[in-house]
Amino acid sequence: MSLRLSTVILPYRRWHEGGRTAWTRAEQLGFHTAYTYDHLSWRTFRDGPWFGAVPTLTAAASVTDRLRLGTLVTSPNFRHPVTLAKELISLDDISGGRITLGIGAGGAGFDATALGQEPWTPRERADRFAEFVPLLDRLLSEDAVSFEGDFYSAHEARNIPGCVQRPRLPFAVAATGPRGMRLAARFGQAWVTTGDPKLYESGGTPEQSVQAIRGQAERLDDICAEVGRDMTDLDRVLLTGFTPDRGGPLQSLNAFVDFAGRHAELGFTEIVIHWPIADSQFAADEKIFEQIAMEAPAQLR
C-alpha cells in the first residue's frame, strides 16, 4: 500500500480571511485527508482566535468534493457520546461520507477545566475513554441506544438514518498505552500516535524516536493478536510535529521523504503534517510544504 499524505489545518483563521482557502487548497494539492484539532483552545493559541471543529468541518465539506475530512483528535474532555454522535452523523451526511473521527482520551490542557470541573487523573481519563468509545460505536451504528454506565448514559437515543459510511464512519484511535491500544484494536479502523512525548520534551534524538515508535507499533501488534484483530486491517497514522525531529522534515522534500520512509518501514500507512502557521511551532516554508504535498507521495510508493 502506498503511504498516504494528509494535513491538519488548525481552526485559528476566520473562514473568510484565509480559513476557507486552506481547505480548498488542501484538496487541490492532493492530500488524502485534512484534519483539524477538536479543542476549545490550544496551548499558545489560547488567547487568539480559535473556532469549533464541527462547524469548521461542515464548512470545509461544503467547499470540497474529494478530500476526506476529520478530527485529530476529539476527546471526552468536553464531549458527550450522545450529542457527539448526532453531530457526526449530520457531518457525515453533509460531506457525502468523507468523515473520519480521530479520537483520544484527552489530556490536562485547557479543555480539561473549561467546563468548570477539576482535571481528571490519567486513570480517570482512561476509564472514561474505555466507556466513551464503545458507546459512541453503538450510537453511530444502531438506530436506538439505551445505556447506563459509570460516566455516560443514553436513554433511547435515536440516530436515524445513521452514517452514510456503513456500518459507521471510521475511528482513528490515538493511543500509546495498552488500554487505549486495545480500544484501537477493537473499535478502530486506524491507530494514531504522535511518538513518545517524553523524547519530544526532553530533547531526545530522531533515532531514539524511531525506536520508541517501533516499540509502540510492536505492542499494538501484540494486542491485535490478543483480541483476534488482523493487524494488517488496522491503518497506522503518525501525526508529525511532536517527535524530536520537530519541523525538520518540512525543511526540504528530501528531508521529508527520508523521514516518512523511515516510518513507512515501521508499518505506517499515513503521515500527517501541519499546515504552516507563521510565528508558531508549525512555521514552515509554504513553497516547500506544497512541493512535499505534490511530489512526496510518488516517491513513497
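Strands S5 and S6 form a hairpin with four residues between them; strands and helices are DSSP runs numbered from the N terminus, a helix (H or I) having at least four residues and a strand (E) at least two. The structure is a predicted model, in which local features need pLDDT of at least 70 and side-chain atom pairs count only at pLDDT 80 or more, whereas totals for chains, interfaces and linings use all residues. Residues are numbered from 1 along each chain as its sequence is written, and side-chain values use heavy atoms, with hydrogens and water left out.

Glutamate 148 stands opposite serine 153 of S6.

In total, the chain contains nine helices and 10 strands. Its radius of gyration, 18 Å, is close to the 19 Å given by the globule rule for 301 residues, so the chain is as compact as a globular protein of that length. This radius is taken over C-alpha atoms, and the globule rule is 2.2 Å times the number of residues to the power 0.38. The C-alpha trace spans about 55 × 45 × 40 Å along its principal axes.

Eight strands make a closed barrel in the order S1-S2-S3-S4-S7-S8-S9-S10, with parallel pairing. On average, neighbouring strands of this sheet are turned by 25° against each other, direction ignored. Helix H1 (residues 19-28) packs on the sheet and touches strands S1 (4-8), S2 (33-36) and S3, its direction making about 155° with that of S2. Contact here means heavy atoms within 4.5 Å; axes are lines fitted to C-alpha atoms, for helices over the stretch in contact, and angles run from 0 to 180 degrees between N-to-C directions.

A pocket is an open set of points on a 1 Å grid over the protein atoms alone where a 1.4 Å probe fits, with protein on both sides within 12 Å along at least five of seven lines; lining residues have an atom within 4 Å of a point. The space in the largest pocket is about 1400 Å³, a volume being the space filled by probe spheres set on the points, which are joined across faces, edges and corners. Helix H4 supplies the largest share of the lining, six residues.

Two cis peptide bonds may be described. One joins leucine 72 and valine 73, with omega about 0°, and valine 73 lies in strand S3. Another leads from isoleucine 160 to proline 161, with omega near 15°; proline 161 is located in the loop between S6 (153-158) and S7.

Definitions and conventions: Pairing = 2+ DSSP bridges.
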